[in-house]
Each structure stands twice: as structure tokens, then as C-alpha cells.
Amino acid sequence: MAQTPTATVPAVPAAPVGTRDRIVIAAARLLQRQGYVGTGIKQIAKDAEATLGSVYHFFPGGKEAVAVAAITYSGEEFAEVLREGLATADDPGAAIEACAAELAVGLRESGWIDGCPVTAAALETLGTESEIQRVCAAALGSWERLVEEKLLGSGFGATDARDVATTVISALEGAEVTAQVNRSEEPLRAAGRQLARLVGSYEV
């Protein structure tokens with residue numbers, strides 16, 4: 001008996017990225033690769049294929065306003081990577097080690113240039129009361145909460161979960177910088193192994 005041909009559903013074309021989003025994504029990538037100080041508003045416009053007028057239309061506050069939006073975007077982007085990594089294993093130590101390994105591979109594949117834009121911007125604006133500092137702190141806090149939730153779900157007490165989550169994010173951020181400087185995955189992979197041991201040392 002001949003089979004009835006299955007009707008194919010036409011693919012839904014991806015929605016075009018708007019000008020504002022292109023500006024934010026371009027700024028996020030530039031901050032990631034060359035930091036806040038090294039990134040100029042003209043370069044952001046060029047990489048976003050937008051006019052300077054468009055940049056100032058969407059971001060009247062200029063470079064700082066663009067950076068705030070870009071850091072917020074990057075923070076959410078990394079949160080999704082972290083969320084997916086933490087879901088790879090029930091054991092929180094193994095999941096955290098997997099996250100570190102994923103970061104290591106991504107950094108190597110970028111040629112050691114795609115570091116953390118949140119850390120870079122935070123360090124360059126230390127000692128200021130800028131909005132950049134606020135969104136950097138918010139991003140780091142959101143990442144810590146994701147790890148904390150994983151640990152709480154694995155039976156950790158509230159205080160231990162909070163302290164270990166802070167340690168995990170601090171260690172990964174520092175290891176990423178060290179990996180970039182040394183052009184090696186090992187600092188991140190070593191951090192992942194030791195963080196897994198730390199998590200495994202708790203009786204839950």
C-alpha cells in the first residue's frame with residue numbers, strides 16, 4: 001500500500017534583528033574582546049551596521065548607556081549557558097565541572113579573546129557609582145543564584161549553598177582570566193575539578 005506523502009511545513013523565517021538589538025549585540029562582543037575603555041561608540045555603530053544617529057536615538061546616554069544594555073544582555077546570555085550546564089547532571093559537582101569545561105572550550109575556540117564582558121567592564125569602572133557597576137553586580141548575583149538553586153535542590157543548607165555559589169562564580173571568573181592570559185584551557189578545567197571536589201566534600 002502506497003504511503004500518503006507527508007505534507008511539509010514551511011520553515012518559519014527567523015525574525016530580522018532590529019537596529020537596537022544589533023547595537024547591543026555588537027557592543028557586547030566588543031566589550032568582551034577589548035573592554036569598556038577600549039571600545040568606542042563609532043566602532044559600535046560600525047560593527048552594528050548602524051549610523052551614529054541611530055545609536056544616540058536608542059541610547060541618548062551615549063557609550064555608557066549602550067554598555068549598560070550590552071552588559072545586561074551578556075549577563076542573561078551567560079546565565080542561559082550556566083543554566084544549561086547545571087542541568088547536564090543531577091550531581092551539582094559534576095554539573096559545575098561540566099560548566100567549567102564548556103567555558104574552557106568556548107574560550108579556546110574564540111582564540112582566547114572572548115572573555116567575560118561583565119568582569120572586564122566591572123574592573124575598568126571600579127571606584128565609581130556608575131550604572132555599569134550596578135548591572136555588573138546584578139549579573140554576578142544572578143549567576144550566583146543559579147548555582148545556589150542547584151545546590152539547594154541537591155540538599156545543601158541555605159548558608160552553605162550561598163557561600164559555595166559565591167565561591168564557584170568567583171573561581172570561574174578568575175580562572176577564565178587566567179586561561180586567557182596563558183592561552184590554555186587548564187586553569188578553567190582545574191578550577192572545575194577542584195570546585196567539584198569542594199561541592200562533594202559537603203555532607204548533604
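The following dialogue works through a predicted model of one protein chain.

Trainee: Why is glutamine 32 called buried?

Mentor: Its relative accessible area is 17%, and the word applies under 20%; glutamine 32 is therefore buried. The residue sits in helix H1. Leaving aside neighbours within four places in sequence, glutamine 32 is in contact with Ile113, Asp114, Gly115 and Pro117. Over the protein chain, 40% of the 204 residues count as buried.

Trainee: How do you know how the span of helix H8 compares with the expected span?

Mentor: Helix H8 covers residues 158-182, which is 25 residues. The expected span is 1.5 Å times one less than the number of residues, so the value for H8 is 36 Å, and the helix reaches 36 Å from its first C-alpha to its last. The two values are close. Just after H8, arginine 183 takes a positive phi of about 50°.

Trainee: Which residues of H8 are buried, and which helices do they pack against?

Mentor: Among them are Ala161, Val164, Val168, Ile169 and Leu172, as well as Glu173 and Glu176. The buried residues of H8 pack against helix H4 (63-86), helix H5 (92-109), helix H6 (117-124), helix H7 (131-153) and helix H9 (186-200).

Trainee: What makes a set of residues a nonpolar core, and how many residues does the largest one have?

Mentor: The members must be buried, belong to a list of nonpolar residue types, and be joined through side-chain atoms within 4.5 Å. The largest such core has 59 residues, and Leu82, Trp143 and Val147 have the most contacts inside it. Helices H1 (19-34), H2 (41-47), H4, H5, H6, H7, H8 and H9 each give two or more residues to this core. Its largest share, 10 residues, comes from H4. Not counting residues up to four places away in sequence, leucine 82 touches Cys99, Trp143, Leu146, Val147 and Ile169.

Trainee: Why is one space called a cavity and another a pocket?

Mentor: The search finds one cavity of 30 Å³ or more. The largest cavity has a volume of about 30 Å³, and its lining is Ala27, Leu31, Thr39, Ile44, Lys63, Val66 and Ala67. H1 and H4 are the elements that give two or more residues to this lining. The largest pocket has a volume of about 410 Å³. It is lined by 18 residues, with Gln32, Phe78, Val81, Leu103 and Asp114 nearest its centre. H1, H4, H5, H6 and H8 each supply at least two residues of that lining.

Trainee: How do you know where the "DNA-binding region" lies?

Mentor: The position comes from an unreviewed UniProt entry, which covers residues 40-59 with that annotation. Such annotations may be inferred rather than shown by experiment, so the label remains that of the record. In the model, residues 40-59 are 70% helix and 0% strand.

Definitions and conventions. Residues are numbered from 1 along each chain as its sequence is written. This is a predicted model: local features need pLDDT of at least 70, side-chain atom pairs count only at pLDDT 80 or more; totals for chains, interfaces and linings use all residues. Side-chain values use heavy atoms; hydrogens and water are left out. Helices (H or I, at least four residues) and strands (E, at least two) are DSSP runs, numbered from the N terminus. Buried means under 20% relative accessible area, exposed over 50%, partly exposed in between (1.4 Å probe, protein chains only). Contact means heavy atoms within 4.5 Å. On a 1 Å grid over the protein atoms alone, a cavity is a set of points where a 1.4 Å probe fits but cannot get out, and a pocket is an open set with protein on both sides within 12 Å along at least five of seven lines; lining residues have an atom within 4 Å of a point. Grid points are joined across faces, edges and corners, and a volume is the space filled by probe spheres set on the points.
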